[in-house]
Amino acid sequence: MAQQYRITLLPGDGIGPEIIPVAVDALTVVGNQFGFKLTFQEGLVGGAAIDATGNPLPEETLELCRNSDSVLLAAIGGYKWDNLPRHQRPETGLLGLRAGLGLFANLRPATILPQLIDASTLKREIVEGVDIMVVRELTGGVYFGQPKGVFETETGEKRGVNTMAYTDSEIDRIGKVAFETAQKRGGKLCSVDKANVLEVSQLWRDRITAMSSQYPDVELSHLYVDNAAMQLVRAPKQFDTIVTGNLFGDILSDAAAMLTGSIGMLPSASLGADGPGVYEPVHGSAPDIAGQDKANPLAQVLSAAMMLRYDLDQAQAADRIEKAVMTVLDRGYRTGDIMSEGMKLVGCQEMSDALMAALEE
Ligand code: NAD
C-alpha cells in the first residue's frame, strides 16, 4: 500500500487562504509522482479562529495538529485584531501552537537565488552566494519568561515587565539542533548573544561553548547581537549557521531574510523533539495585498518542500518541488514583491499555474 500522510492545514489570515491551496496542489502532484498519498484536514488559527470561536487557538486545532504527521501553516494576523487584549490576539494563537507542540527549534534558511540577486537591496558582490541557516530558539527566552505583564507600582504608576530566562536544558537542546545543522552544512556555527550585558546570555555562551567539544568538526564562534546585526549586512557570506535565542532570532532572521531580496520566497521549519513539525513561510499575512491575487505563493510552496524533507522523509519529492520553483523563476515569472525589469509580472494564480506546469513536465 502507498505510504499515507495526514497533513493539517492552517491557512490563518490575510493571504493565507490564497497561498495554501498552491502548496496543496504542488504536494498532491508530487505525491502522485512519487507514489505516496496525502490527506489534508483544515484547522482554524489566528484571526480566523477568533472570529469563529473567540479563541486564537481552539483546542480542536491543537488536537488536529497533534494527530497529524505534519502541519502546514500560512500566516496569522491583521489590522482587524490589532487592538484586542493580548490573550485574544492572533499572535497568541501562534505562540500557543509552538508551545503546545513543543516546537523549540526554528530553522530559517536565507539563501540567495541566482535569479533574484538583483532583488536584494544590497550590492551583488555582497550577497552573491549567501547561504545562511538561522536556528532560533522558539519556546523560551523573553517571550515566555515569568513574571510578565503590566503591573501597578506602589506609586500607582504602571510597569511593564518581561523576563528573559533560559535554563541549561533549554540551551542544550537548541545547541544540539544547531551543531547538528552546522555539521550537515558548511561546518561553521556562530552563536549570537548579549553576554557583555545579560546574565542569561552568559549562561547561554557558557553552555554552547561547553558543547563544542562534542562537535570537533564544527568551528564555533560567538558574536554579540548588535555586532551580528552589523555583520549580517556588512559581510553576510562569513555566516554559515547561526544559533540564537528567541528575541534575537526573531530580529536577525528577518534581517537575514531581507538579504535575499524577498520575504515572499523564504520558508521555515519549526521542530520539536518528536511529533509533527510546523512548516510556514517567514512572511506574515500581508493584509495590505490580501484578496487581490498579488501574493507570492513560493515561500509557502518551499515550506511544503521542507515538510517533505524533514517530517515525511520524501527528499526526492522535495527536490522536485524546489526544482520546479527554479524553473518558473528561470522562465521569468515574478510576483510584485520580486519583480524586476524585463520579467513577466504575474499574480498568485498565474504563478500557481506556471508552477503546476513545471511540476507536471
Ligand atoms: P508581512 O510579512 O505580512 O508583510 C510585509 C510586507 O511584505 C508587506 O508589504 C506585504 O505585502 C509583503 N509580503 C509579505 N508576504 C508576501 C508575499 N507572500 N507575497 C508578496 N508580498 C508579500 O509583515 P507585516 O506587514 O509586518 O505584518 C502583517 C501581519 O502579519 C501582522 O498582523 C503581523 O502580526 C502578522 N505576522 C504574522 C507572522 C506569522 O504568521 N508567522 C509573521 C510576521 C507577521
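Reader: Which domains does the domain assignment of the protein give?

Author: Domain bounds come from an automatic or database domain assignment. Here that assignment gives domain 1 (1–105 + 266–361) and domain 2 (131–258). Residues are numbered from 1 along each chain as its sequence is written. This is a predicted model, in which local features need pLDDT of at least 70, side-chain atom pairs count only at pLDDT 80 or more, and totals for chains, interfaces and linings use all residues; side-chain values use heavy atoms, with hydrogens and water left out.

Reader: How far apart do the C-alpha centres of domain 1 and domain 2 lie?

Author: The C-alpha centres of the two domains are 26 Å apart. Contact means heavy atoms within 4.5 Å, and the contact between the domains takes ten residues from domain 1 and eleven residues from domain 2.

Reader: How many residues has the largest nonpolar core?

Author: In soluble globular proteins, nonpolar side chains tend to be buried together. A nonpolar core is a set of buried Ala, Val, Leu, Ile, Met, Phe, Trp, Tyr and Cys residues joined through side-chain atoms within 4.5 Å; buried means under 20% relative accessible area, exposed over 50%, and partly exposed in between, with a 1.4 Å probe and protein chains only. The largest such core has 69 residues, and Leu72, Met265, Leu308, Ile321 and Leu355 have the most contacts inside it. Its largest share, nine residues, comes from helix α1 (residues 16–34). Helices (H or I, at least four residues) and strands (E, at least two) are DSSP runs, numbered from the N terminus.

Reader: Which residues is methionine 265 in contact with, leaving aside its neighbours within four places in sequence?

Author: With those neighbours left aside, the contacts of methionine 265 are Leu113, Leu116, Asn296, Leu298, Ala299, Leu302, Val325, Leu329 and Ile338.

Reader: How much space lies in the largest pocket?

Author: On a 1 Å grid over the protein atoms alone, a cavity is a set of points where a 1.4 Å probe fits but cannot get out, and a pocket is an open set with protein on both sides within 12 Å along at least five of seven lines; lining residues have an atom within 4 Å of a point. Grid points are joined across faces, edges and corners, and a volume is the space filled by probe spheres set on the points. The largest pocket holds about 800 Å³. Its lining has 30 residues, and Glu91, Leu95, Arg98, Tyr143 and Asp250 are the closest to its centre. α4 gives the most to this lining, with six residues. Domain 1 and domain 2 each provide at least three lining residues.

Reader: How do the residues of that lining divide?

Author: Ala, Val, Leu, Ile, Met, Phe, Trp, Tyr, Cys and Pro count as nonpolar, Asp, Glu, Lys and Arg as charged, and the others, Gly among them, as polar. The lining of the largest pocket has 13 nonpolar, eight polar and nine charged residues. For the second largest pocket, of about 410 Å³, the lining has twelve nonpolar, three polar and two charged residues.

Reader: What volume has the largest cavity?

Author: Its volume is about 100 Å³, and the count comes to one cavity of 30 Å³ or more. Of its 14 lining residues, Met164, Tyr166, Ser201, Gly245 and Phe248 lie nearest its centre.
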